[in-house]
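Hello,

Here is the structure I promised to pass on to you. Have a look at it first, and then read my notes below.

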Amino acid sequence: MLKGNDDKCIRQNRLDQQIRQDEGANKERGNWSNKLEFLLSCFSYAVGLGTIWRFPYLCYRNGGGAFLIPYCIMYILAGLPLFFLEVAFGQYASEGPINVWRISPLFQGIGYAMFCISFLIGIYYNVIVAWSFYYLFASFTTELPWTHCNNEWNTQACAKFDGRNCTLFGGLLNSTGACIFQNETSSEDWDVLRNFAKAAKMPADEYFHHNVLTISNDIQEVGGIQWKLALCLLFAWILVFLALVKGVKSFGKVVYFTALFPYLILLVLLARAVTLPGYMDGVLFYLIPRWERLTEAKVWGDAAMQIFFALSPCWGGLITLASYNKFHNNCFRDSLIIATGNVLTAFFAGFVIFGIMGFMAHELGKPVDTVATEGAGLAFIAYPEAVSRLPFAPFWSILFFVMLLTLGLGTQFTVLETVVTTIVDSWPDKFRGRNHKWVVLGTSCVMFLMGLSMCSRNGMYILQLVDNHAATFSSLIVGFCEIMVLSWVYGADRFLNDIRFMLSKYPTTYGLWFFMWKFVTPIVIICLLIFCIIDFKPSSYGGVIFPPYINGIGWVISVLPVIFIPGIAALKIYHSEGSFWQRILKLKRPSEEWGPAPRKRKVLDEPKHVDSRIPLALHLMEDS
């Protein structure tokens, strides 16, 4: 008898859980098929190219292992609070970056700013993916094309000879490859040799600049479209379109590959790197702490900037991904897993990158700091140069660029999904359902056409300009406005109550989140903004400083997303009714549509009459 009652209780609990899951679903808009898809999509979004080519370099430049201390502190003070805030925000409302601001319509411009930032990032980010495709296709050969200096694009500056045995003993190579020592020549000839050595370019450097980019002398020299690169960009956009054509359902399947495969390749590359001479030199250079650097403000500023952009808040992507969660998903646990996993991935990637850089320094007979670099210089020059010196070089090159592609595409998928979700959520009657694919197609075409400007001979300069301005100052301002509205205008206590409504309990350490959101994180963001202004340098690339009017265009790009915040507020106030102050008070309060998605809110607010449903279900289960 007792056993029978226990069985009924178990069945009852299972049914209650199923009912709860059904209540949390949003069938109109769609949900992830399972919880793992959300986790992987966030990993795929946050663990991007910057994880590989930015963090390891910052770590070595700012004190090695000592840099981990400010990095972890900034993770706690700024990175994790913002990440959790946006994930909970998107999940609660089940809306994209614009409609989610029904929480305070006066500030809906924040959502438009997020949309604008994602749109700008998506244009140039896929160009970097196109570069990766170019290199991947070029790697399917018996000899990598950047191995030697005998190609049509090479110049006299290309370093044709291996100077390791010469430079180790303080000598310099001349144009014929002979090793010359200072005591063997005159001071004038030695100066000529030193200038020749400084001007020398690695084959991989010339391959990237003279073959892939065919780069012009400056940003004002436009040149024509590089059609091989343009075709690679078209191919990249076709892949992105196919991944998102069915919305979250197709996207959720693709992230199994884009999120997990990079880890497999990193492990394979690490296993190869540890066998190479010079590996430990690179790793020690990466990790040995230089504690005195902790007294420098720039180290702390770099740590805060890196953690801020590594987790990708304020672009709308996290809100978009979380909006497809079921209402009762444990977003607190997910935020801890994803944000912490991102930090650990960046740290782990450093062992691979600097291990290979140590090998390259050993091969060239140079200190590690002379070959260590970041950004495009690491991904498309330094690393390919190192790979070309390995046995079976094409195989390792293919692995590396497949990894770059999966990292880049994983972020690009979410960036485009953010843009598309914003459009669809703004006009659901027109675009939701069968018309969704046309929104994806149209957006992809527009962004592809705009990206073609970065496939021209001055495209690298344009990309550098947009990269410097699209998501730096604007993201920080958007992040500050976002957290101030949620914690002060709406109220951190009310927001924590909403989270309790989703999770059936407050997140662990209620007081900590309340204090972080209201005081600590906003102060950190303000300090970051001040740091960026002080540390700002005019845009440049390869020693070419952009003209003042070009930097002026860069500032227009920075200000463009932010203009939406006061602009939309002014429009809302103008179209509202009552006195000026009455309009402000009305618009800063949540609108009638704020809350869980309308269908969910209706289900959750109604009393649960289960008399006729539960016994019948139990009876059917017993009969079966």
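Let's start with A46, which sits in helix 2, the stretch covering residues 35-46. Please keep in mind that this is a predicted model. A46 has a relative accessible area of 4%, so it counts as buried, since buried means under 20%. If you set aside the neighbours within four places in sequence, A46 is in contact with T51, A310, L311, S312 and N342.

One of those contacts, N342, turns up again in the database record. In an unreviewed entry, UniProt places the feature "binding site" at A46, V47, N342 and L407. These residues are spread over 362 residues of sequence, yet they cluster in space, with a largest C-alpha distance of 12.4 Å. Among them, V47 and L407 belong to the lining of the second largest cavity.

You will find L407 in helix 17, which runs through residues 393-426. Its relative accessibility is 5%, so L407 is buried. Apart from neighbours within four places in sequence, L407 is in contact with S44, V47, G48, L49, I52, Y125 and P262. V47, in that list of contacts, is also one of the "binding site" positions in the UniProt entry.

Now turn to the surface. There, L231, L234, I238 and L242 make up a nonpolar patch, and together they have about 360 Å² of accessible area. I238 is part of helix 10, residues 227-244.

Enjoy exploring!

Best wishes

Note on methods
Residues are numbered from 1 along each chain as its sequence is written. This is a predicted model: local features need pLDDT of at least 70, side-chain atom pairs count only at pLDDT 80 or more; totals for chains, interfaces and linings use all residues. Side-chain values use heavy atoms; hydrogens and water are left out. Patches are made of residues with over 30% relative accessible area and no salt bridge: like charges are joined within 9 Å, nonpolar side chains (Val, Leu, Ile, Met, Phe, Trp, Tyr) within 5 Å. Accessible areas come from the Shrake-Rupley method with a 1.4 Å probe; for residues, only the protein chains shown count as cover. A salt bridge is a side-chain nitrogen of Lys or Arg within 4 Å of a carboxyl oxygen of Asp or Glu. Helices (H or I, at least four residues) and strands (E, at least two) are DSSP runs, numbered from the N terminus. UniProt positions are given in the numbering used here, feature names are shortened, and annotations may be inferred rather than shown by experiment. On a 1 Å grid over the protein atoms alone, a cavity is a set of points where a 1.4 Å probe fits but cannot get out, and a pocket is an open set with protein on both sides within 12 Å along at least five of seven lines; lining residues have an atom within 4 Å of a point. Buried means under 20% relative accessible area, exposed over 50%, partly exposed in between (1.4 Å probe, protein chains only). Contact means heavy atoms within 4.5 Å.
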